[in-house]
Amino acid sequence: MGARRRSVAGAAAVALVITGCGSGKSGASHDAVTTAAATFLHDWSTGDLAAAAAATTDPGAAKAALQDFQSRIEPTTRTLTVGSESACKGGQPCTVAFDADLQLRGLGQWRYGGSLGLIQQSTGNTKRWIVQ
């Protein structure tokens, strides 16, 4: 396996670390969960890695992982589309599916599906969903 292919395989592993899974049943605020996932995916797809990382439980680690993913596979375009939510109930962790369509420098198109685990974070009286 060439160095370039090993880098892509390593980057894929990074992507899987970022896209954790939640647990629970349906019922959480669909709009809030879907909006949080869509915002994270939008920020990632437009290359605003700091904003994407800020919407996670560990911004420092997430930013490093996203930057590593970017530098290893060198996507020239990224289209990340939010899918359906599942496994949500009363503030319990949720899972939101997504589809990725990347154009990789020197390798062509790479499509895959994944999922984001989201949890509800409370700060004072404010609650928001963030990527786990």
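A: Arg111 and Asp101 meet through their side chains in a salt bridge, 3.4 Å from N to O. Arg111 lies in strand E3 and Asp101 in strand E2, so this pair ties together parts that are 10 residues apart in sequence. Arg111 is exposed, because its relative accessible area is 59% and the cut-off for exposed is over 50%. Asp101 is partly exposed, at 24%. Keep in mind that this is a predicted model.

Now the sheet around this pair. It is open and has four strands in the order E1-E2-E3-E4, with antiparallel pairing. Strands E1 (75-86) and E4 (126-131) are the edges, and each pairs on one side only. From one strand to the next, the twist averages 25°. E3 (residues 108-123) and E4 are joined by six bridges. In one of them, Gln121 has Arg128 in E4 as its partner. Helix H2 (residues 30-45) lies across E1, E2, E3 and E4.

The count of salt bridges comes to three. Another one links Arg105 and Glu74, at 3.1 Å from N to O. Arg105 sits in the loop between E2 and E3, and Glu74 in the loop between H4 and E1, so this pair ties together parts 31 residues apart in sequence. Glu74 also has a positive phi, near 50°. Most residues other than glycine have a negative phi.

Arg72 and Asp68 form a salt bridge too, with their closest N and O atoms 2.8 Å apart. Both lie in helix H4, four residues apart, about one turn of the helix. Arg72 is partly exposed at 33%, and Asp68 is partly exposed at 25%.

Note on methods:
Residues are numbered from 1 along each chain as its sequence is written. This is a predicted model: local features need pLDDT of at least 70, side-chain atom pairs count only at pLDDT 80 or more; totals for chains, interfaces and linings use all residues. Side-chain values use heavy atoms; hydrogens and water are left out. Two strands pair if DSSP finds at least two bridges between them. Helices (H or I, at least four residues) and strands (E, at least two) are DSSP runs, numbered from the N terminus. Axes are lines fitted to C-alpha atoms, for helices over the stretch in contact, and angles run from 0 to 180 degrees between N-to-C directions. Contact means heavy atoms within 4.5 Å. A salt bridge is a side-chain nitrogen of Lys or Arg within 4 Å of a carboxyl oxygen of Asp or Glu. Buried means under 20% relative accessible area, exposed over 50%, partly exposed in between (1.4 Å probe, protein chains only).
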